[in-house]
2 protein chains.
Amino acid sequence: MRRVDLVLTGLGNVGRAFVKLAWEKRGPCRDRYGIDLRLKAALNSKGGFLASRASDAAGLADLPAAVPAPTQHSAWHPGLRLGEALGEGEPGVLVECTPTDIRTGEPGRAFMTEALGKGWHVAAASKGALVLDFPALSALAISNGVRLKYSGATAAALPTLDVGEVSLAAASVSRIEGILTGVTNHILSRMEGGIPFAAALKEAQDIGIAEPDPSLDIDGWDTACKILLISNAVAGTGFRLADVRREGIRNVTPGDLKQARAEGKAVKLLGRFIQEGGERQIEVAVSSVDRSHPLYGISGTNKAITYFTDTMGTITVAGGKSDPRGTAAALLKDIVNIFRGV
Amino acid sequence: MRRVDLVLTGLGNVGRAFVKLAWEKRGPCRDRYGIDLRLKAALNSKGGFLASRASDAAGLADLPAAVPAPTQHSAWHPGLRLGEALGEGEPGVLVECTPTDIRTGEPGRAFMTEALGKGWHVAAASKGALVLDFPALSALAISNGVRLKYSGATAAALPTLDVGEVSLAAASVSRIEGILTGVTNHILSRMEGGIPFAAALKEAQDIGIAEPDPSLDIDGWDTACKILLISNAVAGTGFRLADVRREGIRNVTPGDLKQARAEGKAVKLLGRFIQEGGERQIEVAVSSVDRSHPLYGISGTNKAITYFTDTMGTITVAGGKSDPRGTAAALLKDIVNIFRGV
């Protein structure tokens, strides 16, 4: 049995879902993979919980409930810094769940840099630092002999990176197309029913699918980040965010969707990597796809990705939960696979 | 750069496609994975080619063309046995491509047993021995510290096992459903156009999709083998072939398909693993699926598999070439992943 210490940064929806899931899956992880998961600490911008201070024998299992009033909890340590949380013992895995900031990459970049530098593996759900600074973070991981995994940042429970890196080994990928943001696909699906964009967006916000500030999703930034990370990992490209030709769905009208439907097509916001001749490019584009396209039938909050290969034909992966629990499951998968050598 | 010796058993369509592909991908495997693939020998029931005897500096690159008249080739060695082909050097990978025999498991079982016992990894496309004797083969691999991989036997270029074992790590799978045989799905698709079973089968044989003896496919044995191997690997079951409730497509009529279509459904031959309460079972069944089912739109020679999980929702993988080159690509993927530790 291998003991694996976890330190969590970010106590939002994903971070709290991760704590719950890791607790729930402790038994199966021991039984199936010989890994004994221990949550050592969990931090947000105000401080953190330290398992060593918890009065409960279960450690931080009650942490999700404690987050709204952290100062009431025996393990809460105001102003706790990551360095102290990582401590001096055997390195484990930093689980990075802070909010994505695609302008600065912070606070994820600082957290990941510190943890990798101290020999901790990283499983990340936040995208900012990965999109802005992947080469430096990856080099740091390699030089410290640890892993940097980010399924949680690349469509979460939809296995985009695993399939691209493991299942397509030795194949050459000439094109990748994905519906990578559940919110935009949901809004487009609702608009097909005749609801205008603004009303469909408000509805998505009311039911908690879209953020109060929805621009990361509906202006295509979220899709851009994901196709960038996937393309760089699977097709070996070295794209930066400025290389992505990007459009969002703000200007799509119910009339556009109606016309596409009349032509037997469906309108999707696609992230795309295209290699033609020696040219390689990535883009986020509102696209009409016909019935024969593998992504035609992907509706609602569903996501999917299609890889076009030289030797294996066309492979599409669809589904995967889009909620915080799905993202938590992707983080946990990455942690398990780090210790299985995958 | 790590040199990896390969010995191939079986010189049929898949074996020859593998030789071509491995030669074509030597450069990419060196550049991307640091693996230098060398075909050391290739055997069929009459003898084998030994690279050490090839007059050509390229070794056995011309082997696919040489197979029809092997005795004309400088490297042909009548009556060559596997033991001599494996030789005494650093063990590599046995690439097992002999025909599937689900009654005896031979000759694959003997070949795999000998190779694993001598410390060779195995990448298998033939199903017989895996279906009949997996626990013994797996134990032999473990006791010799080597890997037994079989993507080529579990829907080939469609990544069934990778997704189940890697992407769903730490998730619990309560149900698996798959369209796992391209031939039967093709025949059912043609029958939807009103063609009776016998005519659709003959057509599939004429264009080389179906075998002269088609019973392995159309009576559901092929699907049974695949769902058995996938379920045992991903859901941790210990099913044997006799445990599979199985039906084929011989008795399906165009009328059945027409009626399903009138009800908004499609008829598919599904391999299924189902866990309900404490009960677990596997079956191969002709099933009507409605539009909301992830496998509804999978037609022609396409294959697909859906995993129903506790934490990641429902994940479907579709596509993947069904031809010998697709199977060869699955074998090559497994070989690469063995040396990447996946």
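**View 1. The overall shape of chain A.** Along the principal axes, the C-alpha atoms of chain A fill a box of roughly 65 × 45 × 35 Å. A compact globule of 342 residues would have a radius of gyration near 20 Å, and the 21 Å of chain A agrees with this. That radius is taken over C-alpha atoms, and the globule rule is 2.2 Å times the number of residues to the power 0.38.

**View 2. Where chain B meets chain A.** Here 40 residues of chain B are in contact with 40 residues of chain A, with contact meaning heavy atoms within 4.5 Å. Together the two chains bury about 2900 Å², 54% of it on carbon and sulfur atoms. In chain B, Ala170(B), Thr311(B) and Met312(B) lose the most area to chain A, together 19% of what that side buries. Buried area is the accessible area (1.4 Å probe) that two parts lose on being put together, summed over both.

**Notes for all views.** Residues are numbered from 1 along each chain as its sequence is written, and chains are lettered from A in the order in which they are written. In this predicted model, totals for chains and interfaces use all residues, while local features need pLDDT of at least 70.

Key: This is a predicted model: local features need pLDDT of at least 70, side-chain atom pairs count only at pLDDT 80 or more; totals for chains, interfaces and linings use all residues. Side-chain values use heavy atoms; hydrogens and water are left out.
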